[in-house]
Amino acid sequence: MKKLAMLVGALIVAYLAALPMVSGNTFLIASILIAFMYTVLAQSYDIVGGHLGYMNLGHVSFFGLGAYVFSIFILRGYAPITAAVAALAAAVCLALVMSYPFFRLRGAYFALATFGVLLLFHRVAFNLEDLTMGTAGISLPPVDSLVQAYYLGLALALITLATSLAIARSRFGLALRTIREDEEVAETFGINSYYYKAAALTISGVFPALMGCIFVWWQKYIHPDSAFGLEIALFPIAMAMLGGTGAVFGPLVGALFLTAVEDLIWVNVQVEYGKLTAYGIVLVLVAIAMPHGMIRTRWLRRPLRALGLEDYAI
Amino acid sequence: MAAYLTQLVTLGILLGGLYALAAFGLSVIFGVSRVLNVAHGDLLLLGALLSYGLFFGIGMNPFVTMLVVVPVFLVVGFVFERVLLRPISRRSPHELLIASIILTLGVSMVISDLSAWATGAADKGIAYSLPSVTLGGVIFPSIRLIIMGVIIAFTIALNFYLKNSYTGRAMRAITQDREGAMIVGVNIPRVSMITFGIGTATAALAGSFYIMLFATNPYLGVPLTVKYLAIIVLGGLGSLPGALLGGIVVGVAEQLAGFYYGGRWQEPVALVLLIIILLVRPQGLFGRAST
């Protein structure tokens, strides 16, 4: 990466870090926190969805699970750190338990089956009322935590981006991409595909689970729809697709773009219907015209090359 | 106790036939165009809506609506494939997978949202009663019997079509060996289009029956698709008798779960069955061992 790019990156991070201290605009801080959240979700999705090539449409299950486990532990009086560790453990368990049956499926079957897991969690969150309060949702004691959540979110987003980069450059990432291209050939090269797939899923599940904890810490309320609902489920995937699936920072581009669109357009246009249609049409157009995502379009080539970032748009 | 069990199983079998019909459409589309249509459930719901509209609009008998629904959705399927899927059908398998999922997901979102906007998000159903038939202490709800009868007739007709017509045999050929079919001169794009029409019409037909039995709302689409996927995997990818058996297993399991654990546990049943079959016998009940 060229020095210019690193300087720009450092400046941006410094700006983001300083923001809550100089600005009292809570709407802005909250919006950026949401941007962090979607960045984490989209980038972590892409580890399995993009690098490994298995579209895990149920990726957000990790987020919701982390959020719920965190809430349940806090409600029972445990310290936030303990609750977060519990959420992390739950996510790792989920990843390992899911790997065995689900990685026997390929392609679209895997995609829909993992989406089924998400639906299952949604149902279970409603049904197990003793544990999860069902439709009422879990409310936590009010504490002003926006700024705390903001910094935690910033840290997590940076770690997720760094992990994506590390994976892309490492032998682990090479193994994942080989599996994506041709799993049988990868096996003949000695890549134990089950191990790599399970490892990738586990890594991809850790970040959303922690983000779930941060989200609940901020909102102090969790409900099956905000944890496992269609919106939270599909947005990160739409962002990863729009931005560029399989590219190192593609999902970041998609997350930033769509969060901006959300904040600029949808805040002003409050419609009951129509938003889902707009996103649906965007997805259809992306599939037909721009399946490789925004980061790989021709008119971004020159600016990326000038910044020395073209390797991150493969 | 045994009477309860027989009743539940009977209801489950009758329901299973309906599920199998919808799953069949999904399976046949996947076999020929290699696209798992995420919008399948939404197309089913559109069929249900058309039936609903005809019933309440012009008082058409719900069973007669299928004569309208099937042709309309044959055409809808043709257009869908030609306009949306044809441009992406020539891509490499991995790209086709991504593109087809995003595309059909997007279409699903559009259909859900537009139908919610046009008709309201509230549940809808057709309340149509017929006296039931009781045989040996087991109640056979007449509506479900008639539906099952229609489905059986439809399945026999479709099976005949698949075995004896040129297009039907072409469909099976493509499913078995795509390159081989191309070599013998099968026009794959055209057969894909027809298959999509048939699959969509099947889904819509199932939908017009569905709305007689259950309340529907515009957001049920994707969960339904997931359920039909579970049925296909349960029965074995690429096996049509498997889809029928899978449908019946899911139907019976749903009735049993609903009775013993409460109605709200009916929905996850198909998913739990999917996970179990993946653990125990991943190729499904009738599937071949390779994917």
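Modeller: Happy to! Let us start with what counts as an element: helices are DSSP runs of H or I with at least four residues, strands are runs of E with at least two, and both are numbered from the N terminus. Please keep in mind that this is a predicted model. On that basis, chain B has 11 helices and two strands.

Next, the overall form of chain B. Along the principal axes, its C-alpha atoms fill a box of roughly 55 × 45 × 35 Å. A compact globule of 291 residues would have a radius of gyration near 19 Å, and chain B agrees with that because its own value is 19 Å. Inside the chain, buried residues make up 51% of the 291 residues. Here a residue is called buried if 20 or more other C-beta atoms lie within 10 Å of its own. The contacts tell us about the fold as well: of those in chain B with a separation of 6 or more, 76% are between residues 24 or more positions apart.

Most residues other than glycine have a negative phi. R34(B), however, has a positive phi of about 65° although it is not a glycine. You will find R34(B) in the loop that lies between α1 (2-33) and α2 (40-58) of chain B.

K220(A) is not a glycine either, and its phi is positive, at about 60°. The loop that holds K220(A) runs between α10 (193-219) and β2 (221-222) of chain A. K220(A) has 17 other C-beta atoms within 10 Å, so this residue is partly exposed.

Finally, we reach the side of chain B that meets chain A. The contact takes 41 residues from chain B and 36 residues from chain A. On the chain B side, the elements that give two or more residues are α4 (93-119), α9 (221-235) and α11 (269-280). Of these, α4(B) gives the most, with 19 residues. By type, the residues on this side of chain B divide into 31 nonpolar, six polar and four charged.

Technical notes:
Residues are numbered from 1 along each chain as its sequence is written. Chains are lettered from A and ligands numbered from 1 in the order in which they are written. This is a predicted model: local features need pLDDT of at least 70, side-chain atom pairs count only at pLDDT 80 or more; totals for chains, interfaces and linings use all residues. A residue is buried if 20 or more other C-beta atoms lie within 10 Å of its own, exposed if 12 or fewer, and partly exposed in between; C-beta atoms are placed from the backbone. Two residues are in contact if their C-beta atoms, placed from the backbone, lie within 7 Å. Ala, Val, Leu, Ile, Met, Phe, Trp, Tyr, Cys and Pro count as nonpolar, Asp, Glu, Lys and Arg as charged, and the others, Gly among them, as polar. The radius of gyration is taken over C-alpha atoms; the globule rule is 2.2 Å times the number of residues to the power 0.38.
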